[in-house]
Structure formats: C-alpha cells, structure tokens
Amino acid sequence: MSRLTLHTLDTAPADSRPFVEKAIANNGFLPNLIGVLANAPLALETYLTVSGINARASLTLMEREVVQITAARIHGCDFCIAGHSAISLKKAGQAPETVRALQHGQPTGDAKLDAVAAFATAVIATRGAVSDAEYQAFLAAGYNEQQALEVVLGISLATLCNFSNSLAGTPVNPQLTPYLPGAV
C-alpha cells in the first residue's frame with residue numbers, strides 16, 4: 001500500500017491530469033509511479049520532461065536502461081527495476097540473461113554495457129567524484145565526456161523516481177511484476 005496518495009485519472013489534481021492521460025496513452029495503463037507523482041504536478045512534469053531529454057541522449061536506449069536499472073538496484077527501487085527491465089526486454093531487445101545480470105549487479109558479458117554499469121555505480125557511490133581510473137575505464141570502453149555527463153543525467157532522472165517510490169512505498173503494477181528480479 002502506498003504511503004502517498006496513488007492517484008487515478010479521476011482523482012489527480014487538475015494540473016497533473018494531462019500528464020496522467022499521456023502516461024495512460026503511452027503505456028496502456030497508469031504506472032503507479034505516475035499516480036504517486038501526480039500529487040505534485042511539478043514533480044510529474046519534471047519527470048516527464050527529463051525523461052524526454054534523457055531519451056535524446058547519445059547513449060543508446062539499452063545504455064540508458066543500464067543506468068536506470070543500476071541506479072534502481074543501488075537505491076532499492078523494485079518498481080523502477082521492473083519498469084526498466086520491461087523496457088530493456090521489450091523495446092531494447094535485450095536477452096533475459098543480460099537483464100538478470102543487471103538486476104543483480106553482475107557482469108553482462110557485454111563490455112560496453114558493463115562499462116556503463118560500472119561507471120554509473122561509481123558515480124552514485126562517490127556522488128560524482130569518481131576516481132581517474134574509473135573515468136578512464138569508461139573512456140577506454142569507447143565513451144566520451146558528453147556521455148559521462150549523460151550518465152549523470154540518467155542518474156538524476158532515476159533518483160527522482162527511485163526516491164519518490166521509496167518515499168511513497170509505491171506498489172509495483174501487475175503489468176510490471178513479471179519483470180521483477182527473480183521473475184525475469
């Protein structure tokens with residue numbers, strides 16, 4: 001049960017309703033994260049705006065999802081692990097074993113994805129003050145300065161979602177439970 005109000009389209013504040021409608025249209029259901037963020041229309045708008053900006057990053061969809069799953073795992077957000085695992089499998093076409101590895105913080109066997117996961121982990125653990133060796137390992141994997149900052153962008157997006165879900169105790173939608181760790 002959510003500690004914060006879990007809004008529906010009918011109960012959402014007026015300023016949140018257009019965003020809730022869009023989320024339902026995009027997903028075919030109302031993700032509970034959106035129902036929680038609807039309590040604060042500006043938080044919901046920020047989430048959707050930053051999501052759109054993050055989608056334009058030079059990192060691939062799967063690289064962006066690695067950041068999201070890694071942050072959610074570190075922050076303990078099962079809702080976001082499930083949601084981003086679903087995207088990784090359905091939209092990015094990743095193999096289940098790759099997604100399982102990410103969910104558990106284990107190597108995927110893909111050097112580039114593992115470099116993104118390692119760098120995101122280091123950024124979170126050090127609040128951005130990664131060591132020269134960690135940064136050089138990211139660059140040596142074929143990434144650049146722009147993409148290092150795009151990892152930070154992805155972490156900022158994840159932090160908004162992960163912390164909001166933790167505050168609320170957001171339940172995982174039934175549509176997402178097949179993507180929880182242990183289910184993939």
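This is a predicted model: local features need pLDDT of at least 70, side-chain atom pairs count only at pLDDT 80 or more; totals for chains, interfaces and linings use all residues.
Residues are numbered from 1 along each chain as its sequence is written, and side-chain values use heavy atoms, without hydrogens or water. Local features need pLDDT of at least 70 and side-chain atom pairs count only at pLDDT 80 or more, while totals for chains, interfaces and linings use all residues.

Helices are DSSP runs of H or I with at least four residues, numbered from the N terminus. Helix α5 (78–90) has 13 residues and spans 18 Å from its first C-alpha to its last, close to the 18 Å expected at 1.5 Å a residue; the expected span is 1.5 Å times one less than the number of residues. F79, C80, I81, A82, G83, H84, S85, A86 and S88 of α5 are buried, where buried means under 20% relative accessible area, exposed over 50% and partly exposed in between, with a 1.4 Å probe and protein chains only. The cover over these buried residues includes α2, α4, α6 (96–103) and α9.

In soluble globular proteins, nonpolar side chains tend to be buried together. A nonpolar core is a set of buried Ala, Val, Leu, Ile, Met, Phe, Trp, Tyr and Cys residues joined through side-chain atoms within 4.5 Å. The largest such core has 25 residues, and V20, I34, L44 and Y47 have the most contacts inside it. At least two residues of this core come from each of α1, α2, α3, α5 and α9, with the largest share, 5 residues, from α5. A second, separate core has 23 residues, among them L113, A115, A122 and Y143.

The largest pocket holds about 990 Å³ of space. On a 1 Å grid over the protein atoms alone, a pocket is an open set of points where a 1.4 Å probe fits, with protein on both sides within 12 Å along at least five of seven lines, and lining residues have an atom within 4 Å of a point. Grid points are joined across faces, edges and corners, and the volume is the space filled by probe spheres set on them. Of the 31 lining residues, N27, Y47, H84, I87 and K91 are the closest to the centre of the pocket. Helix α5 gives the largest share of the lining, 7 residues.

P178 lies in the segment after α9 (145–168) and counts as partly exposed because its relative accessibility is 44%. The C-alpha atoms of P178 and A86 are 8.4 Å apart, although 92 residues separate them along the chain.

Methods:
Contact means heavy atoms within 4.5 Å.
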